[in-house]
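Student: Please show me how to read an interface between two chains.
Tutor: Let us take one and go through it feature by feature.

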2 protein chains.
Amino acid sequence: MPGERSQAGRPTISEVAAEAGVGRATAARTLGGYGYVSPELRERVLAAAEKLGYRANALARSMSTGVSHTLGVIVADIGNPFFAGVMRGISDASRARGFDTLVLSTYENLDDEVAAANVLIDKRVDGVILASAAVGRGDVAHIRAALDRGIPVVLVDRAVASVDLDAVVIDNRDAARRAVETLIAAGHRRIGFVWGPPMAEPPATRRALLAAASRNLWTDGERLRGYLDALDDARIPFDPDLVMMGRKVEEQATREVARMLALPDRVTALFCTETDAVTGALRALRTSGLSCPRDVSLIGFDDSTWAAVMEPPLTMIEQPVHQLGAKAAEVLLDIVEGAEPRREMHTLRSRLVTRSSVAPPPSPPPSPGA
Amino acid sequence: MPGERSQAGRPTISEVAAEAGVGRATAARTLGGYGYVSPELRERVLAAAEKLGYRANALARSMSTGVSHTLGVIVADIGNPFFAGVMRGISDASRARGFDTLVLSTYENLDDEVAAANVLIDKRVDGVILASAAVGRGDVAHIRAALDRGIPVVLVDRAVASVDLDAVVIDNRDAARRAVETLIAAGHRRIGFVWGPPMAEPPATRRALLAAASRNLWTDGERLRGYLDALDDARIPFDPDLVMMGRKVEEQATREVARMLALPDRVTALFCTETDAVTGALRALRTSGLSCPRDVSLIGFDDSTWAAVMEPPLTMIEQPVHQLGAKAAEVLLDIVEGAEPRREMHTLRSRLVTRSSVAPPPSPPPSPGA
DNA sequence: CTGTTAGCGCCTTCAC
DNA sequence: GTGAAGGCGCTAACAG
């Protein structure tokens with residue numbers, strides 16, 4: 001009997017060929033959709049494939065062709081709504097072009113990021129989208145490794161100094177600046193910066209702060225710079241007491257905001273760089289018995305439907321999450337399909353959604369100048 | 001010159017063998033971690049591999065062994081925080097056992113679900129975790145297809161009638177019942193059900209409603225049953241006017257809740273089965289000028305950090321999202337690794353997080369009986 | 001213990 | 001146009 005079944009009802013191309021009474025190559029050509037084959041034989045092959053329930057083995061195909069039609073994605077945390085949104089953009093855009101995605105979370109751990117890169121290299125993905133926790137010179141060996149093996153890499157959400165790659169990011173610095181400018185325009189001069197680069201103790205100087213920032217997450221540093229930009233433009237001196245310190249967890253944000261609220265010359269506005277910073281700040285406000293926006297104004301990053309139904313509705317920065325992912329996938333796929341990498345920063349614009357959490361400070365600013 | 005480089009600096013096992021001066025099989029054995037090989041040669045091979053920067057080609061390995069160490073996941077929407085959380089559980093649990101995950105979104109579209117199943121079959125994943133939109137008898141061909149090809153399938157979040165598989169779900173019916181009981185215990189009898197099975201017009205009878213439910217998403221039906229259970233126990237007659245109709249989008253929830261609020265005998269409590277139903281309801285409350293919990297009480301599904309900082313803090317049902325995913329992955333991996341499928345429903349318990357959005361109804365219930 | 005040999009399922013020259 | 005034969009990189013029997 002010809003056509004010995006391989007296993008578990010998975011017919012191979014040879015079996016289809018046998019069933020159709022043609023050579024393997026002919027079957028392969030019609031089923032693979034390449035090369036010429038007469039309409040007649042093509043029909044026979046198709047019928048046989050149909051009958052046997054043939055499905056091409058993508059693994060075998062990848063082995064021969066060298067392309068897997070799979071993209072690798074490395075993010076901090078797939079469970080984080082921000083990355084989930086980005087992931088959706090990536091997924092939609094790549095699916096539209098016939099690619100699937102393998103996702104790995106690193107939880108901001110560089111070792112895990114390296115391991116993830118290796119997994120993707122081993123599984124022969126055609127390209128990698130990376131939201132990296134790496135920043136410095138020494139931290140890019142894994143990126144180099146992928147590149148050296150001919151796997152293109154595109155950065156998303158976070159640029160990485162010291163490696164010259166396409167990166168798709170949002171205008172963090174500008175967004176932060178605009179938000180803080182909005183606060184300043186409302187009359188605020190004591191503006192807290194919640195959730196920056198983690199530090200053990202208050203930075204002695206601006207310089208020290210910036211240095212800490214560049215040793216940590218790229219986005220945090222950018223947002224901090226935007227905050228500083230706005231302060232500088234308004235000639236408001238930088239006060240180290242107004243930046244959050246310690247670990248980036250909601251409880252810590254609550255504690256730090258409480259501290260800023262208890263300052264003799266307390267904060268009258270808060271700029272929060274992440275969702276959990278916002279909720280942490282809100283908690284602190286509540287326990288302090290202070291109300292927003294009457295006593296303190298607030299603007300935060302990462303708009304959500306919740307922010308719109310809060311009391312008061314919150315003024316927030318909306319990031320184009322889906323687009324961020326989609327654009328990254330497109331840039332990457334262009335390269336995968338042969339385009340020359342442009343090696344540039346693709347910056348997407350965020351949007352300040354104005355609602356009702358910003359108002360003038362309660363009393364006229366401390367000392368109105370000279 | 002021996003050891004002709006394959007391409008882009010990707011040494012093969014043969015090149016490593018040549019470099020080490022041993023046979024291919026010996027190199028394969030040490031690098032693949034199977035079979036015996038003398039410490040001496042092993043060292044030589046390892047050194048050569050190190051030197052060449054060898055990394056095994058997982059694709060080739062999969063072709064030989066038939067296992068890909070990859071799990072497929074099919075969900076409605078990877079961008080949805082609920083599924084993102086589930087995904088994180090899946091990812092963590094499978095990573096811990098050496099498996100990676102390929103995720104596909106269906107957006108509740110059955111055709112996409114079928115296509116996704118085919119992709120996963122073609123890519124030879126070792127198992128599939130599926131949150132299916134399928135319900136009826138005819139909708140399970142794609143599940144059968146995977147099973148027939150020897151790929152185990154585990155259902156997550158949503159059970160599917162007419163197919164006998166392991167399923168990991170939460171206690172939807174019980175959770176809903178407890179929530180509604182809580183409302184009833186506070187004195188409510190006019191309780192709105194927000195976000196049920198989509199219907200074009202009000203169901204004439206309970207029976208019609210239940211029928212609609214069983215034609216739609218499993219979770220929705222279960223939550224509806226829980227609602228009805230609680231009503232029945234309290235001998236509160238079912239009122240079709242108190243269930244939401246139309247498409248499941250936030251705006252529609254807002255409209256429907258507004259309608260229930262405008263009823264002559266208006267609703268005094270709301271039970272919302274999803275996050276967007278909660279925010280939609282909150283919007284309606286605001287525009288109606290009604291306040292929670294003074295005028296209407298509210299309990300919703302899917303707790304989030306936002307719910308805790310709302311005014312008032314919301315009483316919500318917390319689903320064990322991470323555990324849901326992790327458990328599904330574990331059940332699946334057990335099967336992948338040879339265990340016999342138990343083909344049972346694994347039900348995880350949710351938790352009612354009591355905060356401050358439930359209070360007695362504003363005025364004594366309409367007509368206190370006889 | 002080690003090396004030789006034969007596949008896994010597909011694609012891809014290359015003669016026919 | 002079509003079929004035979006070789007190869008992708010690895011595992012797995014099998015002799016030695």
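Student: Which residue of β2(B) does A:Val103 stand opposite?
Tutor: A:Val103 stands opposite B:Thr101. Helices (H or I, at least four residues) and strands (E, at least two) are DSSP runs, numbered from the N terminus, and two strands pair if DSSP finds at least two bridges between them. Here β2(A) and β2 of chain B (residues 100–105) pair in the antiparallel sense, over two bridges. This is a predicted model, in which local features need pLDDT of at least 70 and side-chain atom pairs pLDDT 80 or more, while totals for chains, interfaces and linings use all residues. Residues are numbered from 1 along each chain as its sequence is written, chains are lettered from A and ligands numbered from 1 in the order written, and side-chain values use heavy atoms, without hydrogens and water.

Student: How much area do chain A and chain B bury between them?
Tutor: The size of an interface is often given as the accessible area lost when the parts come together. Chain A and chain B bury about 5,500 Å² (1.4 Å probe, summed over both), with 56% of it on carbon and sulfur atoms. In contact (heavy atoms within 4.5 Å) are 58 residues of chain A and 59 residues of chain B.

Student: How many salt bridges does the rule find across the interface?
Tutor: A salt bridge is a side-chain nitrogen of Lys or Arg within 4 Å of a carboxyl oxygen of Asp or Glu. The rule finds eight across the interface of chain A and chain B. One salt bridge joins B:Arg286 to A:Glu311, at 3.3 Å from N to O.

Student: Which element gives the largest share of the side of chain A that touches chain B?
Tutor: The elements that give two or more residues to that side include α5 (81–96), β2 (100–105) and α12 (275–288) of chain A. The largest share, seven residues, comes from α12(A).

Technical notes: Buried area is the accessible area (1.4 Å probe) that two parts lose on being put together, summed over both.
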